[in-house]
Amino acid sequence: MNMKLDDGSPLRILVAVDFSDCCEHAMETAIELFKYCPIKLFLLHVVDERFVSECIQHSISSEADIKKRLFKDAKKRLHAMVNKKQLSVFSLHKIVCQGVPYKEINRQAEKYDVDIIIMGSCGMT
């Protein structure tokens, strides 16, 4: 398979990452499918604003502290995933944002003009 867009540019693939086993499997499948294609890979993790609200409601910590910890953890886990899956061979963009996952996946896909969205079929996304 040697897929390119008509203008010769790489396929722009967004992978929604929630760090579940299903997510990892979806990413592995995507890499296998497109390993011989020029691709630009966007790894997206969405910090679910509903989860943040629940933490605040249960007085776990301040909103700023909760967000800081969740963003820091997500960035660390994305970095580990890139290393574990040897994804640095691809043109790669790691994105961590906050919102409602399905809405942010669509918003980021439009923002980065992606051609394909890949996600696991279980987990939180």
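On one side of helix α4, Tyr-102, Glu-110 and Lys-111 are exposed, where exposed means over 50% relative accessible area, buried under 20%, and partly exposed in between (1.4 Å probe, protein chains only). Helices (H or I, at least four residues) and strands (E, at least two) are DSSP runs, numbered from the N terminus. The model is predicted: local features need pLDDT of at least 70, side-chain atom pairs count only at pLDDT 80 or more, and totals for chains, interfaces and linings use all residues. Residues are numbered from 1 along each chain as its sequence is written, and side-chain values use heavy atoms, with hydrogens and water left out.

**Helix α4**

Helix α4 covers residues 101–111, and its buried residues are Pro-101, Glu-104, Ile-105, Gln-108 and Ala-109. These residues lie on the same side of α4 because they cover an arc of only 135° around the axis; the arc is that of the directions from the helix axis to the C-beta atoms. They pack against β1 (11–16), β2 (39–48), α2 (49–57), β3 (91–99) and β4 (116–118).

Gln-108 is one of the buried residues of α4, with a relative accessible area of 2%. What does Gln-108 touch, not counting residues up to four places away in sequence? Gln-108 touches Leu-14, Leu-44, Ile-95 and Cys-97, where contact means heavy atoms within 4.5 Å. Just after α4, Asp-113 takes a positive phi of about 50°.

**The whole chain**

The protein chain has 4 helices and 4 strands. From the N terminus on, the order of these elements is β-α-β-α-α-β-α-β. The C-alpha trace spans about 50 × 30 × 25 Å along its principal axes. Of the 125 residues in the chain, 38% are buried. Among contacts between residues at least 6 apart in sequence, 78% join residues at least 24 apart.

The chain exposes about 7600 Å², and carbon and sulfur atoms supply 52% of this area. Accessible areas come from the Shrake-Rupley method with a 1.4 Å probe; for residues, only the protein chains shown count as cover.

**Charges and salt bridges**

There are 18 positive and 17 negative side chains in the protein chain, and the centres of the two sets lie 7 Å apart. Lys and Arg count as positive and Asp and Glu as negative, while His and the chain ends are not counted. The place of a charge is taken as NZ of Lys, CZ of Arg, CG of Asp or CD of Glu.

A search of the whole structure finds 7 salt bridges. A salt bridge is a side-chain nitrogen of Lys or Arg within 4 Å of a carboxyl oxygen of Asp or Glu. The table includes some of them.

| Salt bridge | Distance between closest N and O atoms |
|---|---|
| Lys-84 with Glu-24 | 3.4 Å |
| Asp-65 with Arg-69 | 2.7 Å |
| Asp-73 with Arg-77 | 3.8 Å |

Lys-84 lies in helix α3 (residues 63–84) and Glu-24 in helix α1 (residues 21–34), so this pair ties together parts that are 60 residues apart in sequence. Lys-84 is exposed, at 58% relative accessible area.

Asp-65 and Arg-69 are 4 residues apart in helix α3, so about one helical turn separates them. Asp-65 is partly exposed, with a relative accessible area of 26%. Asp-73 and Arg-77 are also 4 residues apart in helix α3, and about one helical turn separates them. Asp-73 is partly exposed at 36% relative accessible area, and Arg-77 is partly exposed at 37%.
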